[in-house]
Amino acid sequence: MRVSFKNLDTKEVVQEWELTPSQEKFFKSPKKFVLFSGGYGCGKSLILTLKAIDLALRYKKNYILMGRKTYPELRDTLMKEFFSICPQSLIKDYQKAEGRVTFINGSEIIFRHLDTIAEGEIRSLNLGSAFVDQAEDISKAVIMGLRGRLRREGVKDVDRKIYLSCNPALSWLYSEFKQSPQPEYEVIEASTLENEKNLPKAYVEDLLKYPEAYKKQFVYGIWDEELLSDRAVFAREYIDKLRLGIMDPIETRDGLQIFKFFEPNHKYQMGIDASEAIIQPGVSAEKQESDESAITIVDLTTEEEVASWHGRVPPDVLAEKAIEFAEFFQDNNNRVMIIPEMNSIGLAVVNRLNRESGIRIYRREEFDKKSGLRLEKEGWRTTRQTKPLLVSRFQELLRLRDPIVRSRHTFEQFKSFVYTDLAEKSGMGAEAGFHDDCLISCLLAFWEKKPVTEGKVLSSSNRPDYKSDLVIKNGKIMKIPQLSIEASSSKKWTTS
């Protein structure tokens with residue numbers, strides 16, 4: 001695809017570009033949010049500018065914002081790129097002090113640095129579209145604020161959009177566009193080498209001399225969990241190991257994803273991570289910024305996750321869900337052990353659990369300074385001292401045995417769990433823009449005080465193939481296993 005600027009009177013081509021396949025895909029994308037991610041020199045700023053000029057010329061009196069985080073970056077990169085690309089004959093007026101370009105058809109492009117842009121200033125805008133360069137440096141709140149300003153009359157709804165560019169990096173963009181993409185989102189990933197013919201040969205040769213990990217991110221433009229952070233708590237080999245266990249739920253009941261049904265004589269344990277259930281009015285569940293509450297149930301006999309739930313509910317409702325879900329995985333002879341995190345809101349969960357008969361709640365030991373005695377208290381209290389215990393226990397399981405995480409949502413949180421100096425995260429937690437609620441509930445569900453010994457356990461991946469009849473008895477989901485006639489054949493279990 002070629003993009004040309006022509007003199008309408010003489011039909012002379014003033015400037016012309018041959019787009020790369022990735023640039024063409026970005027230029028033509030029908031999505032509401034379009035993100036161009038790639039290596040150095042892959043043409044991110046170029047295609048961002050070309051598309052902005054295209055929309056300015058397509059409509060009379062369009063009003064478009066182009067932005068970057070700081071004014072020096074805006075002045076030295078995005079504005080410089082714009083004026084080197086846009087023919088002077090298309091510009092009617094340029095008001096430098098206001099950062100405003102007026103085109104011959106009456107459309108305007110305003111240039112803004114977005115590090116100090118005020119909420120009131122965003123509210124006053126009446127935009128046709130917005131273009132943000134190096135969007136990984138911009139807060140999600142600013143981008144969402146701009147989205148709410150796409151209301152320009154005379155601009156078709158299909159062209160009221162936000163276009164973004166970024167380098168592959170751990171940011172909220174990875175969460176939004178890669179981990180949990182919405183139907184109206186699209187990410188286009190490009191390599192420096194795709195645009196090689198437009199770059200100096202020596203520049204490309206120099207880039208290719210860098211270490212392989214650097215090249216994957218900044219040359220090949222590969223955007224995955226391996227490149228996210230050098231502060232990752234769980235090593236790459238552990239992430240690869242956990243990926244093998246992911247599967248779709250075999251059933252969902254009251255929001256609980258069930259990956260394996262109850263089996264008598266197995267030992268089950270539940271981890272609960274409670275949140276304050278803060279919900280932003282008018283914002284979809286996927287776009288809420290606050291943490292969710294999470295429940296994970298693990299079969300400790302086979303060391304695998306068997307059920308998972310997450311959502312934003314008050315603590316008493318969370319406790320009631322925990323009681324309900326526990327009934328799915330216990331009988332009169334074997335009750336589920338529940339390990340709720342006790343920080344802040346968790347106390348309300350424990351208080352509600354205690355009003356229910358037959359509930360087993362994990363008890364921790366704490367040293368009481370006043371009495372000089374070691375006391376037993378309910379629940380798990382996460383501190384800078386205890387959080388490493390929780391994490392190292394699961395890391396030891398990963399090193400010596402084969403714990404299985406089934407939930408894709410939980411697995412994604414392992415990728416962005418990092419070491420941090422933030423006090424509220426006790427040394428480790430989710431990277432900014434990410435969450436760790438399901439991960440914490442999973443670690444709690446796998447927690448045991450006994451040491452980890454080397455070896456493998458009998459799990460769904462190495463047991464005979466089963467056909468089963470589903471039985472729901474007294475609110476419990478149970479399975480009556482019947483050994484298949486194909487049980488002696490090769491392994492049948494698959495994961496997705």
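The conversation below takes each label in turn and sets it against its definition.

Analyst: Before the labels, please note that this is a predicted model, in which local features need pLDDT of at least 70 and side-chain atom pairs count only at pLDDT 80 or more, while totals for chains, interfaces and linings use all residues. Residues are numbered from 1 along each chain as its sequence is written, and side-chain values use heavy atoms, with hydrogens and water left out.

User: How many helices and strands does the protein chain have, and what makes a stretch count as one?

Analyst: The protein chain has 14 helices and 23 strands. Both are DSSP runs numbered from the N terminus, a helix being H or I over at least four residues and a strand being E over at least two.

User: What share of the protein chain is buried?

Analyst: Buried residues make up 52% of the 496 residues, where buried means under 20% relative accessible area, exposed means over 50%, and partly exposed lies in between (1.4 Å probe, protein chains only).

User: Which share of the contacts joins residues 24 or more positions apart?

Analyst: Of the contacts in the protein chain with a separation of 6 or more, 68% are accounted for by residues 24 or more positions apart, a contact being heavy atoms within 4.5 Å.

User: Why is the aromatic pair of phenylalanine 5 and tryptophan 17 called edge-to-face?

Analyst: The search of the whole structure finds 23 aromatic pairs. In the pair of phenylalanine 5 and tryptophan 17, the distance is 5.7 Å centre to centre, with 85 degrees between the planes. Rings of Phe, Tyr and Trp (its six-membered ring) pair if their centres lie within 6.5 Å, and planes under 30 degrees apart count as stacked, over 60 as edge-to-face and the rest as tilted, so this pair is edge-to-face. Phenylalanine 5 lies in strand S1 (residues 2–6) and tryptophan 17 in strand S2 (residues 13–18), 12 residues apart.

User: Are phenylalanine 5 and tryptophan 17 buried or exposed?

Analyst: Phenylalanine 5 has a relative accessible area of 8%, so it is buried, and tryptophan 17, with 17%, is therefore buried as well.

User: What makes the pair of phenylalanine 234 and phenylalanine 414 edge-to-face?

Analyst: Their ring centres are 4.9 Å apart and their planes stand at 65 degrees, so the pair is edge-to-face. This pair links distant parts of the chain, 180 residues apart, with phenylalanine 234 in the loop between helix H8 (212–218) and helix H9 (236–243) and phenylalanine 414 in helix H13 (residues 408–415). Phenylalanine 234 counts as buried because its relative accessibility is 3%, and phenylalanine 414 counts as buried because its value is 1%.

User: How do you know that the charged end of lysine 51 sits over the ring of phenylalanine 27?

Analyst: The charged end of lysine 51 is 4.3 Å from the centre of that ring.

User: Why are strand S11 (251–253) and strand S17 (360–361) placed at the edges?

Analyst: An open sheet of seven strands, with mixed pairing, has the order S11-S12-S15-S14-S13-S16-S17. Each of S11 and S17 has a single partner strand, so one side of each is left without a neighbour in the sheet. Two strands pair if DSSP finds at least two bridges between them, and S12 is joined to the antiparallel strand S15 (residues 304–311) by two bridges. The bridge partner of isoleucine 258 in S15 is alanine 307.

User: Which strands form the eight-strand sheet, and which stand at its edges?

Analyst: The eight strands form an open sheet of mixed pairing in the order S5-S6-S7-S4-S8-S9-S3-S10. Its edge strands are S5 (91–95) and S10 (185–190), each of which pairs on one side only. Strand S3 (residues 33–38) and S10 pair in the parallel sense over six bridges, and phenylalanine 36 has isoleucine 188 in S10 as its bridge partner.

User: What makes the phi of lysine 61 worth a remark, and is the residue buried or exposed?

Analyst: Lysine 61 has a positive phi of about 60 degrees although it is not a glycine. Most residues other than glycine have a negative phi. Lysine 61 is found in the loop between H2 and S4, and its relative accessible area is 59%, so it is exposed.

User: Where does asparagine 265 lie, and why does it count as exposed?

Analyst: Asparagine 265 lies in the loop between strand S12 (256–258) and strand S13 (268–273), and its phi is near 70 degrees, a positive value in a residue other than glycine. Its relative accessibility is 73%, so asparagine 265 counts as exposed.

Methods: A charge sits over a ring if NZ of Lys or CZ of Arg is within 6 Å of the ring centre and within 35 degrees of the ring normal.
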